[in-house]
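Reader: Hey, can you walk me through this one? I'm new to reading structures.

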Amino acid sequence: MEITATAIDKVLTDLASQPDPRWKTLDLDQQRKEIQAELNSSAPKDGMMRLLTRMQFQSAPDLGEIDWESELATFQPIEYPKYYLQPFHSVLGGWLSESAAMGNRVAMEALFENAHPQKSLGVRDEIAQLFPEDARHILDLGAGIGDDAAAIARRLRSATVTAWEASPFMIIVGRLYHKELPNLRWQHGLAEKTELPDNSVDAINMTYLLHECPDEIKQIILEECWRILSPGGQLVVTDALPGALHSYRGFFEPYKEQWLKIDPDKLLREAGFIKIKAYQFAYSDWTRVGEKPE
Ligand SMILES: C[S@@+](CC[C@H](N)C(=O)[O-])C[C@H]1O[C@@H](n2cnc3c(N)ncnc32)[C@H](O)[C@@H]1O
């Protein structure tokens with residue numbers, strides 16, 4: 001079957017929504033151009049089309065009507081760095097859109113459909129097992145709708161888990177999904193600037209955050225993790241295998257070339273973490289656990 005750029009564009013346009021006009025920092029014309037350029041690239045788009053098809057068959061909780069206007073009004077706008085304001089995954093508005101937040105669960109379920117018997121939620125339960133029983137304060141950086149943070153909070157009831165996320169849209173959806181968890185908190189902010197005290201956190205999780213950030217920000221985020229983790233504290237990082245982003249061409253991924261060069265062990269080692277352990281919970285992912293020295 002021949003997949004034309006126009007057909008793909010139609011699918012993606014249908015999926016996209018207009019972002020809230022208050023996020024004026026977004027340059028939507030530029031975003032449209034970037035989405036179009038990715039769609040027009042000569043790389044095969046079959047992986048993307050399969051994923052979009054699988055997404056139609058996934059389920060997510062029915063959240064009913066969300067009053068976006070009043071929900072968004074409760075957030076203080078933060079100064080977003082330029083790299084954050086791109087149309088990630090070819091969603092117009094990128095992270096700052098209803099589509100990205102409302103589509104997150106089904107996209108992740110579709111992505112992991114053939115990779116784990118319980119799909120993405122199963123992978124999240126596996127990640128949750130990696131956290132020490134005695135951890136009291138755990139952060140999930142770039143938490144999205146908080147499915148990892150919730151899995152950790154469910155497993156470690158006496159820990160406080162903070163889902164740290166820059167997009168209010170993700171937080172609004174995540175809070176509705178996980179409202180039954182009293183030990184799950186939400187924080188609107190950037191991972192590279194937590195402003196938490198040194199040595200104040202027992203463990204940190206990051207899933208699918210680093211590949212979305214430029215190299216210099218990856219480094220700053222890892223330095224921030226090092227700074228706020230207590231000695232002996234644990235960092236758990238899960239992300240895509242280096243070539244995996246290229247198998248979903250058509251979805252805008254600005255740092256996919258940088259990601260090809262990533263060596264997970266080196267990444268953690270060079271950031272100062274020791275006792276690095278490797279895990280793999282899905283065919284397209286790696287997980288590493290590192291420790292900040294005592
Ligand atoms: C691919 S999603 C992954 C979400 C979640 N960790 C998961 O596993 O489903 C990346 C998330 O990171 C957030 N994000 C990207 N850069 C960030 C940053 N610098 N600080 C905080 N959040 C960030 C985005 O808003 C988005 O929700």
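Author: Leu51, Arg54 and Met55 of helix H3 meet Val106, Ala107, Ala110 and Leu111 of helix H5. Residues are in contact here if their C-beta atoms, placed from the backbone, lie within 7 Å. Helices are DSSP runs (H or I, at least four residues), numbered from the N terminus.

Reader: Before we go on, what kind of model is it?

Author: It's a predicted model, where local features need pLDDT of at least 70 and side-chain atom pairs count only at pLDDT 80 or more, while totals for chains, interfaces and linings use all residues. Residue numbers run from 1 along each chain as its sequence is written.

Reader: Ok, back to that pair. At what angle do H3 and H5 cross?

Author: Roughly 120°, and their axes come within 8 Å. The axes are lines fitted to C-alpha atoms over the stretch in contact, with angles from 0 to 180 degrees between N-to-C directions. The crossing of H3 and H5 is right-handed, meaning the near helix is turned clockwise from the far one by less than a right angle.

Reader: And which classes of residue are in the contact of H3 with H5?

Author: There are 6 nonpolar residues, 1 charged and no polar ones. Nonpolar covers Ala, Val, Leu, Ile, Met, Phe, Trp, Tyr, Cys and Pro, charged covers Asp, Glu, Lys and Arg, and the others, Gly among them, are polar.

Reader: How does H5 pack with H8?

Author: H5 and helix H8 (residues 168-177) pack at about 40°, with their axes 8 Å apart. That makes H5 oblique to H8; oblique is whatever is left after under 35 degrees (roughly parallel), over 145 (roughly antiparallel) and 65 to 115 (roughly perpendicular). This crossing is right-handed too. Glu98, Ala100, Ala101, Met102 and Asn104 of H5 meet Phe169, Met170, Ile172 and Val173 of H8. By class, that contact has 7 nonpolar, 1 polar and 1 charged residues.

Reader: Switching topic: what domains is the protein divided into?

Author: Domain 1 is 5-111 and domain 2 is 119-291, with bounds from an automatic or database domain assignment. Their C-alpha centres lie 21 Å apart.

Reader: Where does the ligand lie?

Author: Between the two domains, because both domain 1 and domain 2 give residues to the shell around the ligand. Of the 20 residues around the ligand, Trp95, Gly142, Gly144, Ala191 and Thr207 come nearest; to count as near, a residue's C-beta atom, placed from the backbone, must lie within 6 Å. The shell has 11 nonpolar, 4 polar and 5 charged residues.

Reader: Last one: how do H6 and H7 cross?

Author: The axes of H6 (residues 119-128) and H7 (residues 147-155) come within 8 Å and cross at roughly 50°, so H6 and H7 are oblique to each other. Residues making the contact include Leu121 and Ile127 of H6 and Ala151 and Ile152 of H7. By class, the contact has 5 nonpolar, 1 polar and 5 charged residues.

Methods:
Helix = DSSP H or I, 4+ residues; strand = E, 2+ residues; numbered from the N terminus. Contact = placed C-beta atoms within 7 Å.
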